[in-house]
Amino acid sequence: QLQFVESGGDLVQPGGSLRLSCAGSGFTTDNYAIGWFRQAPGKEREAVSCITNIDGSAYYYDSVKGRFTISRDNAKNAVYLQMNSLKPEDTAVYYCAQDLTRQRVGVTTSTRQYDYWGQGTQVTGSS
């Protein structure tokens with residue numbers, strides 16, 4: 001089955017840190033941008049951070065800028081999200097997915113432009 005497998009989610013106190021991992025299975029990610037998205041209960045899925053394959057440049061949702069860092073390891077077909085200074089409002093299921101467009105210049109944050117969604121990993125920021 002072609003999908004990502006996310007891991008690393010947990011219950012963490014506000015101000016804490018987590019590192020999420022995402023590994024692709026059955027396909028390669030070298031030529032595509034990869035995005036991390038999240039979905040909180042009752043809300044639409046939203047982009048958190050996306051990273052290109054061309055130069056590794058990244059996009060961050062305003063509320064996570066300065067706190068989250070995205071990175072990728074093409075040799076491992078993996079993408080990571082380092083999350084620091086977690087807040088209760090970061091609570092959500094986190095997913096990664098691959099851009100449908102090969103070698104896109106820049107990034108897109110539209111969920112309709114991504115595929116190979118995994119099952120997600122739950123992040124809960126609560127004391």
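Buried means under 20% relative accessible area, exposed means over 50%, and partly exposed lies in between (1.4 Å probe, protein chains only). The views show a predicted model, in which local features need pLDDT of at least 70 and side-chain atom pairs count only at pLDDT 80 or more, while totals for chains, interfaces and linings use all residues. Residues are numbered from 1 along each chain as its sequence is written, and side-chain values use heavy atoms, with hydrogens and water left out.

**View A. Arg-38 and Glu-46 are joined by a salt bridge.** The N to O distance is 2.8 Å, a salt bridge being a side-chain nitrogen of Lys or Arg within 4 Å of a carboxyl oxygen of Asp or Glu. Arg-38 counts as buried at 5% relative accessibility, whereas Glu-46, at 25%, counts as partly exposed.

**View B. Asp-90 forms a salt bridge with Arg-38.** The closest N and O atoms are 3.0 Å apart, and the pair links distant parts of the chain, with Asp-90 in the loop between E8 and strand E9 (92-99) and Arg-38 in strand E4 (residues 34-39), 52 residues apart. Strands are DSSP runs (E, at least two residues), numbered from the N terminus. Asp-90 counts as buried, at 1% relative accessibility.

**View C. Arg-67 and Asp-90 meet through their side chains in a salt bridge of 2.8 Å, N to O.** Arg-67 lies in the loop between strand E6 (58-60) and E7 and Asp-90 in the loop between E8 and E9, so this contact ties together parts that are 23 residues apart in sequence. Both residues, Arg-67 and Asp-90, are buried, and a network of salt bridges links Arg-38, Glu-46, Arg-67 and Asp-90.

Key: Helices (H or I, at least four residues) and strands (E, at least two) are DSSP runs, numbered from the N terminus.
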